[in-house]
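Student: Could you take me closely through one part of this model, namely its salt bridges, and explain where the partners sit?

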Amino acid sequence: MGTLKISRHLVLTVFMALCLHVICSFAFTSFVFGDSLVDTGNNDYLFTLSKANSPPYGIDFKPSGGLPSGRFTNGRTIPDIVGQELGCRSFPPPYLAPNTELDAITTGINYASGASGILDETGVSFIGRVPLEQQISYFEQSRKYMVNVMGDNGTREFLKKAIFSLTTGSNDILNYVQPSIPFFQGDKVSPAIFQDFMVSNLTIQLKRLHELGARKFVVVGIGPLGCIPFVRALNLLPSGECSVKVNELIQGYNKKLREILSGLNQEMEPESVFVYANSFDTVLSIILDYRQYGFENAYEPCCGGYFPPFVCFKGSNTSTGSVLCDDRSKYVFWDAYHPTEAANIIIAKQLLDGDRSIGFPINIRQLYDYNP
(Lines give C-alpha, C1' and ligand atoms only; values in the text may rest on other atoms or scores of the structure.)
Protein backbone atom coordinates (compact mmCIF):
# COMPACT_ATOMS: atom_id res chain seq x y z
CA MET A 1 0.00 0.00 0.00
CA GLY A 2 2.86 2.38 0.84
CA THR A 3 4.38 1.83 -2.60
CA LEU A 4 1.03 2.51 -4.27
CA LYS A 5 0.66 5.78 -2.37
CA ILE A 6 4.13 6.89 -3.36
CA SER A 7 3.48 6.04 -7.01
CA ARG A 8 0.24 7.97 -7.02
CA HIS A 9 1.99 10.92 -5.41
CA LEU A 10 4.71 10.90 -8.06
CA VAL A 11 2.20 10.62 -10.89
CA LEU A 12 0.16 13.48 -9.43
CA THR A 13 3.27 15.61 -8.97
CA VAL A 14 4.45 15.04 -12.53
CA PHE A 15 0.95 15.75 -13.86
CA MET A 16 0.79 19.01 -11.90
CA ALA A 17 4.24 19.96 -13.14
CA LEU A 18 3.28 19.37 -16.75
CA CYS A 19 0.09 21.36 -16.33
CA LEU A 20 1.78 24.24 -14.58
CA HIS A 21 4.60 24.28 -17.07
CA VAL A 22 2.36 25.92 -19.63
CA ILE A 23 2.71 29.08 -17.53
CA CYS A 24 6.14 29.47 -19.15
CA SER A 25 7.41 28.52 -22.54
CA PHE A 26 8.31 24.85 -22.40
CA ALA A 27 12.06 25.40 -22.75
CA PHE A 28 12.33 28.26 -20.28
CA THR A 29 13.03 27.49 -16.67
CA SER A 30 15.30 29.87 -14.78
CA PHE A 31 17.52 29.30 -11.78
CA VAL A 32 18.71 32.64 -10.43
CA PHE A 33 21.76 33.20 -8.20
CA GLY A 34 23.22 36.45 -6.95
CA ASP A 35 22.75 39.48 -4.73
CA SER A 36 20.17 42.19 -4.08
CA LEU A 37 20.02 43.14 -7.75
CA VAL A 38 18.11 39.90 -8.35
CA ASP A 39 16.87 38.84 -4.89
CA THR A 40 13.10 38.33 -4.98
CA GLY A 41 12.51 37.79 -1.30
CA ASN A 42 14.96 35.29 0.19
CA ASN A 43 16.19 37.89 2.68
CA ASP A 44 12.63 38.28 3.99
CA TYR A 45 13.19 34.88 5.64
CA LEU A 46 16.52 35.79 7.25
CA PHE A 47 17.54 37.78 10.29
CA THR A 48 19.39 40.48 8.37
CA LEU A 49 19.85 44.21 8.04
CA SER A 50 19.53 43.83 4.28
CA LYS A 51 15.80 43.74 3.61
CA ALA A 52 13.35 45.22 1.15
CA ASN A 53 10.17 44.18 2.94
CA SER A 54 8.72 47.59 3.73
CA PRO A 55 7.10 50.32 1.60
CA PRO A 56 7.80 51.96 -0.76
CA TYR A 57 9.78 48.96 -2.09
CA GLY A 58 7.57 47.15 -4.57
CA ILE A 59 5.32 50.15 -5.12
CA ASP A 60 5.18 49.42 -8.87
CA PHE A 61 5.23 45.60 -8.66
CA LYS A 62 1.82 44.67 -10.05
CA PRO A 63 1.66 41.01 -8.89
CA SER A 64 1.88 42.18 -5.25
CA GLY A 65 -0.53 45.06 -5.74
CA GLY A 66 2.23 47.55 -5.00
CA LEU A 67 3.21 45.92 -1.70
CA PRO A 68 6.83 44.95 -0.92
CA SER A 69 7.84 41.69 -2.58
CA GLY A 70 11.37 41.42 -1.24
CA ARG A 71 12.78 42.98 -4.40
CA PHE A 72 15.25 45.81 -3.84
CA THR A 73 13.56 48.13 -6.31
CA ASN A 74 10.20 49.71 -7.02
CA GLY A 75 9.11 47.01 -9.49
CA ARG A 76 10.58 44.11 -11.42
CA THR A 77 14.17 42.90 -11.46
CA ILE A 78 16.11 42.16 -14.64
CA PRO A 79 15.48 38.37 -14.49
CA ASP A 80 11.76 39.09 -14.01
CA ILE A 81 11.71 41.17 -17.19
CA VAL A 82 13.84 38.74 -19.21
CA GLY A 83 11.53 35.90 -18.23
CA GLN A 84 8.45 37.81 -19.31
CA GLU A 85 10.09 38.75 -22.61
CA LEU A 86 10.67 35.04 -23.22
CA GLY A 87 7.02 34.23 -22.59
CA CYS A 88 6.95 33.41 -18.89
CA ARG A 89 3.99 34.86 -17.01
CA SER A 90 5.16 34.02 -13.50
CA PHE A 91 8.42 34.47 -11.61
CA PRO A 92 10.75 31.93 -9.98
CA PRO A 93 9.92 32.15 -6.26
CA PRO A 94 12.56 32.66 -3.56
CA TYR A 95 13.98 29.35 -2.37
CA LEU A 96 13.46 30.18 1.30
CA ALA A 97 9.73 30.79 0.85
CA PRO A 98 7.50 27.90 2.02
CA ASN A 99 6.39 25.17 -0.38
CA THR A 100 8.49 26.07 -3.41
CA GLU A 101 9.66 22.53 -4.28
CA LEU A 102 7.28 22.08 -7.21
CA ASP A 103 8.45 25.37 -8.74
CA ALA A 104 11.84 23.74 -9.34
CA ILE A 105 10.27 21.84 -12.25
CA THR A 106 7.97 24.62 -13.47
CA THR A 107 9.22 28.20 -13.34
CA GLY A 108 12.52 27.54 -11.58
CA ILE A 109 13.81 28.92 -8.27
CA ASN A 110 15.50 32.15 -7.17
CA TYR A 111 18.35 31.61 -4.68
CA ALA A 112 19.71 35.19 -4.67
CA SER A 113 20.30 37.04 -1.42
CA GLY A 114 20.82 40.72 -0.71
CA ALA A 115 24.25 41.68 0.73
CA SER A 116 25.79 38.40 -0.44
CA GLY A 117 28.81 38.00 -2.65
CA ILE A 118 31.13 35.56 -4.32
CA LEU A 119 33.19 35.37 -1.13
CA ASP A 120 31.62 33.91 2.00
CA GLU A 121 32.83 36.82 4.15
CA THR A 122 31.17 39.47 2.00
CA GLY A 123 28.22 41.18 3.67
CA VAL A 124 28.96 39.91 7.18
CA SER A 125 28.18 43.37 8.59
CA PHE A 126 24.56 42.85 7.49
CA ILE A 127 24.44 39.66 9.61
CA GLY A 128 22.17 37.35 7.60
CA ARG A 129 22.71 36.65 3.88
CA VAL A 130 23.22 33.59 1.69
CA PRO A 131 26.68 33.54 0.05
CA LEU A 132 26.99 32.15 -3.47
CA GLU A 133 28.43 28.84 -2.30
CA GLN A 134 25.42 28.26 -0.03
CA GLN A 135 23.02 29.29 -2.80
CA ILE A 136 24.39 26.50 -4.95
CA SER A 137 24.09 24.10 -2.02
CA TYR A 138 20.41 25.04 -1.93
CA PHE A 139 20.18 24.22 -5.63
CA GLU A 140 21.60 20.79 -4.81
CA GLN A 141 18.60 20.27 -2.54
CA SER A 142 16.25 21.36 -5.32
CA ARG A 143 17.96 18.94 -7.68
CA LYS A 144 17.36 16.06 -5.27
CA TYR A 145 13.66 16.86 -5.43
CA MET A 146 13.79 16.84 -9.24
CA VAL A 147 15.47 13.44 -9.23
CA ASN A 148 12.78 12.08 -6.91
CA VAL A 149 10.10 13.28 -9.31
CA MET A 150 11.70 12.85 -12.74
CA GLY A 151 14.55 10.40 -12.17
CA ASP A 152 18.21 10.94 -13.05
CA ASN A 153 17.77 10.94 -16.83
CA GLY A 154 14.68 13.15 -16.72
CA THR A 155 16.44 15.64 -14.47
CA ARG A 156 19.50 15.68 -16.69
CA GLU A 157 17.43 16.39 -19.80
CA PHE A 158 15.35 18.99 -17.97
CA LEU A 159 18.37 20.94 -16.68
CA LYS A 160 19.98 20.99 -20.14
CA LYS A 161 17.21 23.37 -21.23
CA ALA A 162 17.14 25.58 -18.13
CA ILE A 163 18.98 28.90 -17.90
CA PHE A 164 21.26 29.49 -14.92
CA SER A 165 21.98 33.16 -14.29
CA LEU A 166 24.53 34.53 -11.84
CA THR A 167 24.56 38.22 -10.89
CA THR A 168 27.14 38.57 -8.17
CA GLY A 169 30.36 40.36 -7.24
CA SER A 170 29.11 43.90 -6.61
CA ASN A 171 29.14 43.55 -2.84
CA ASP A 172 32.62 42.02 -2.90
CA ILE A 173 33.84 45.12 -4.72
CA LEU A 174 31.98 47.50 -2.40
CA ASN A 175 33.44 45.78 0.65
CA TYR A 176 36.92 46.03 -0.87
CA VAL A 177 36.75 49.74 -1.71
CA GLN A 178 34.93 50.69 1.50
CA PRO A 179 36.46 48.54 4.28
CA SER A 180 34.01 48.09 7.12
CA ILE A 181 34.48 44.52 8.32
CA PRO A 182 37.46 42.72 9.89
CA PHE A 183 38.14 40.54 6.83
CA PHE A 184 39.06 43.60 4.81
CA GLN A 185 40.74 45.68 7.53
CA GLY A 186 44.46 46.34 7.64
CA ASP A 187 46.67 45.85 4.63
CA LYS A 188 44.55 44.91 1.65
CA VAL A 189 45.76 42.70 -1.15
CA SER A 190 46.41 44.46 -4.44
CA PRO A 191 43.47 45.05 -6.81
CA ALA A 192 44.86 42.47 -9.25
CA ILE A 193 45.12 39.78 -6.59
CA PHE A 194 41.63 40.59 -5.33
CA GLN A 195 40.20 40.37 -8.86
CA ASP A 196 41.90 37.00 -9.37
CA PHE A 197 40.55 35.77 -6.03
CA MET A 198 37.01 36.72 -7.00
CA VAL A 199 37.25 35.15 -10.46
CA SER A 200 38.78 31.91 -9.17
CA ASN A 201 36.09 31.50 -6.51
CA LEU A 202 33.33 32.21 -9.02
CA THR A 203 34.85 29.72 -11.46
CA ILE A 204 34.73 27.02 -8.77
CA GLN A 205 31.02 27.62 -8.31
CA LEU A 206 30.34 27.64 -12.06
CA LYS A 207 32.06 24.27 -12.43
CA ARG A 208 30.08 23.00 -9.46
CA LEU A 209 26.82 23.99 -11.16
CA HIS A 210 28.03 22.30 -14.33
CA GLU A 211 28.64 19.07 -12.43
CA LEU A 212 25.07 19.31 -11.12
CA GLY A 213 23.70 19.47 -14.66
CA ALA A 214 23.68 23.16 -15.65
CA ARG A 215 24.47 23.69 -19.33
CA LYS A 216 23.20 27.18 -20.24
CA PHE A 217 24.81 29.94 -18.19
CA VAL A 218 24.39 33.70 -18.05
CA VAL A 219 27.16 35.30 -16.00
CA VAL A 220 26.52 39.00 -15.50
CA GLY A 221 29.56 41.24 -15.18
CA ILE A 222 29.66 43.90 -12.48
CA GLY A 223 28.13 47.24 -13.42
CA PRO A 224 29.71 50.71 -13.01
CA LEU A 225 29.50 50.92 -9.22
CA GLY A 226 31.62 54.05 -9.33
CA CYS A 227 28.50 55.82 -10.61
CA ILE A 228 25.93 54.60 -8.07
CA PRO A 229 24.69 57.23 -5.57
CA PHE A 230 26.25 55.42 -2.58
CA VAL A 231 29.80 55.44 -3.96
CA ARG A 232 29.51 58.93 -5.41
CA ALA A 233 28.27 60.38 -2.12
CA LEU A 234 30.94 58.68 -0.02
CA ASN A 235 33.61 60.02 -2.37
CA LEU A 236 32.02 63.50 -2.37
CA LEU A 237 31.81 63.54 -6.16
CA PRO A 238 29.95 66.37 -7.86
CA SER A 239 26.94 65.69 -10.05
CA GLY A 240 27.87 64.02 -13.31
CA GLU A 241 31.10 62.44 -12.07
CA CYS A 242 31.84 58.80 -11.25
CA SER A 243 34.65 57.21 -9.26
CA VAL A 244 37.30 56.37 -11.85
CA LYS A 245 39.19 54.23 -9.32
CA VAL A 246 36.20 52.01 -8.54
CA ASN A 247 35.20 51.64 -12.18
CA GLU A 248 38.74 50.72 -13.22
CA LEU A 249 38.80 48.01 -10.54
CA ILE A 250 35.53 46.63 -11.91
CA GLN A 251 36.68 46.76 -15.53
CA GLY A 252 39.78 44.79 -14.61
CA TYR A 253 37.64 42.15 -12.92
CA ASN A 254 35.17 42.01 -15.81
CA LYS A 255 37.99 41.52 -18.32
CA LYS A 256 39.36 38.58 -16.36
CA LEU A 257 35.87 37.13 -15.95
CA ARG A 258 35.22 37.28 -19.68
CA GLU A 259 38.54 35.56 -20.40
CA ILE A 260 37.71 32.77 -17.97
CA LEU A 261 34.27 32.29 -19.52
CA SER A 262 35.82 32.17 -23.00
CA GLY A 263 38.12 29.41 -21.74
CA LEU A 264 35.19 27.47 -20.30
CA ASN A 265 33.38 27.77 -23.62
CA GLN A 266 36.38 26.42 -25.52
CA GLU A 267 36.63 23.57 -23.03
CA MET A 268 32.95 22.63 -22.82
CA GLU A 269 31.26 23.64 -26.09
CA PRO A 270 28.99 22.58 -27.69
CA GLU A 271 27.31 20.83 -24.77
CA SER A 272 27.59 23.94 -22.54
CA VAL A 273 27.52 27.68 -23.19
CA PHE A 274 28.70 30.41 -20.81
CA VAL A 275 27.34 33.82 -21.81
CA TYR A 276 29.12 36.91 -20.53
CA ALA A 277 26.53 39.66 -20.02
CA ASN A 278 28.19 43.07 -20.28
CA SER A 279 26.19 45.06 -17.73
CA PHE A 280 29.01 47.59 -17.25
CA ASP A 281 28.77 49.16 -20.70
CA THR A 282 25.00 48.73 -20.77
CA VAL A 283 24.41 50.63 -17.54
CA LEU A 284 27.13 53.21 -18.17
CA SER A 285 25.58 54.12 -21.51
CA ILE A 286 22.26 54.76 -19.76
CA ILE A 287 23.92 56.99 -17.16
CA LEU A 288 25.98 58.98 -19.64
CA ASP A 289 23.13 59.43 -22.16
CA TYR A 290 20.24 59.29 -19.74
CA ARG A 291 18.12 61.93 -21.48
CA GLN A 292 18.20 59.93 -24.70
CA TYR A 293 16.69 57.04 -22.76
CA GLY A 294 13.89 59.22 -21.39
CA PHE A 295 15.32 59.86 -17.91
CA GLU A 296 15.66 63.19 -16.14
CA ASN A 297 18.04 62.14 -13.34
CA ALA A 298 20.88 59.63 -13.55
CA TYR A 299 22.82 60.41 -10.39
CA GLU A 300 20.46 60.85 -7.44
CA PRO A 301 18.26 58.10 -5.99
CA CYS A 302 14.50 58.35 -6.31
CA CYS A 303 14.09 57.18 -2.71
CA GLY A 304 16.23 57.66 0.37
CA GLY A 305 18.13 60.82 -0.37
CA TYR A 306 21.65 61.48 -1.56
CA PHE A 307 23.39 61.46 1.83
CA PRO A 308 23.94 58.77 4.51
CA PRO A 309 22.26 56.71 5.82
CA PHE A 310 20.56 56.29 2.40
CA VAL A 311 17.50 54.67 4.00
CA CYS A 312 14.44 54.24 1.79
CA PHE A 313 11.25 53.78 3.81
CA LYS A 314 7.70 55.03 4.05
CA GLY A 315 6.90 56.58 7.41
CA SER A 316 3.53 57.01 9.08
CA ASN A 317 3.25 60.40 7.41
CA THR A 318 5.16 62.51 4.91
CA SER A 319 7.31 64.09 7.61
CA THR A 320 8.72 60.76 8.88
CA GLY A 321 9.25 58.87 5.60
CA SER A 322 12.09 59.12 3.12
CA VAL A 323 12.05 61.60 0.29
CA LEU A 324 10.43 59.97 -2.74
CA CYS A 325 10.71 61.39 -6.24
CA ASP A 326 7.57 62.46 -8.07
CA ASP A 327 8.06 60.29 -11.16
CA ARG A 328 9.91 57.01 -10.67
CA SER A 329 10.08 56.40 -14.41
CA LYS A 330 12.37 59.41 -14.81
CA TYR A 331 15.09 58.18 -12.44
CA VAL A 332 17.84 55.68 -13.24
CA PHE A 333 18.37 54.80 -9.57
CA TRP A 334 15.64 53.70 -7.18
CA ASP A 335 17.77 53.92 -4.02
CA ALA A 336 21.48 54.48 -3.38
CA TYR A 337 22.39 51.07 -4.82
CA HIS A 338 19.74 49.70 -7.16
CA PRO A 339 18.18 50.72 -10.49
CA THR A 340 14.53 51.58 -10.93
CA GLU A 341 12.25 49.25 -12.84
CA ALA A 342 12.43 51.74 -15.73
CA ALA A 343 16.20 51.28 -15.92
CA ASN A 344 15.90 47.51 -15.42
CA ILE A 345 13.61 47.28 -18.45
CA ILE A 346 16.22 48.90 -20.69
CA ILE A 347 19.08 46.84 -19.25
CA ALA A 348 17.12 43.58 -19.57
CA LYS A 349 16.16 44.18 -23.20
CA GLN A 350 19.74 45.05 -24.16
CA LEU A 351 21.10 41.93 -22.45
CA LEU A 352 18.37 39.87 -24.09
CA ASP A 353 18.91 41.03 -27.68
CA GLY A 354 22.23 42.87 -27.69
CA ASP A 355 25.10 42.27 -30.07
CA ARG A 356 28.36 40.51 -29.20
CA SER A 357 29.63 43.58 -27.36
CA ILE A 358 26.81 43.06 -24.83
CA GLY A 359 26.26 39.30 -24.86
CA PHE A 360 29.24 37.11 -25.70
CA PRO A 361 29.48 34.71 -27.47
CA ILE A 362 25.69 34.95 -27.90
CA ASN A 363 22.95 36.99 -26.26
CA ILE A 364 20.34 35.65 -23.83
CA ARG A 365 17.62 35.13 -26.45
CA GLN A 366 20.04 33.11 -28.57
CA LEU A 367 20.99 31.12 -25.48
CA TYR A 368 17.32 30.45 -24.84
CA ASP A 369 16.97 29.02 -28.37
CA TYR A 370 20.22 27.03 -28.11
CA ASN A 371 19.90 23.25 -27.83
CA PRO A 372 22.98 21.71 -26.21
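Tutor: Helices here are DSSP runs of H or I with at least four residues, and strands are runs of E with at least two, both numbered from the N terminus. The model is predicted, so local features need pLDDT of at least 70 and side-chain atom pairs count only at pLDDT 80 or more, while totals for chains, interfaces and linings use all residues. Residues are numbered from 1 along each chain as its sequence is written, and side-chain values use heavy atoms, with hydrogens and water left out.

The structure holds eight salt bridges, each defined as a side-chain nitrogen of Lys or Arg within 4 Å of a carboxyl oxygen of Asp or Glu. One of them joins glutamate 157 and lysine 160 at 3.6 Å, N to O; both residues lie in helix α3 (residues 132-161), three residues apart, or about one turn of the helix. For accessibility, buried means under 20% relative accessible area, exposed over 50%, and partly exposed in between, with a 1.4 Å probe and protein chains only. Glutamate 157 is partly exposed at 44%, and lysine 160 is partly exposed at 24%.

Another salt bridge pairs lysine 256 with aspartate 196 at 3.0 Å, N to O, and this pair links distant parts of the chain, helix α7 (residues 244-268) and helix α5 (residues 191-211), 60 residues apart.

In a further salt bridge, the closest N and O atoms of arginine 215 and glutamate 271 are 2.7 Å apart. Arginine 215 lies in the loop between α5 and β3 (216-220) and glutamate 271 in the loop between α7 and β4, so the pair ties together parts 56 residues apart in sequence. Arginine 215 is buried at 15%, whereas glutamate 271 is partly exposed at 33%.
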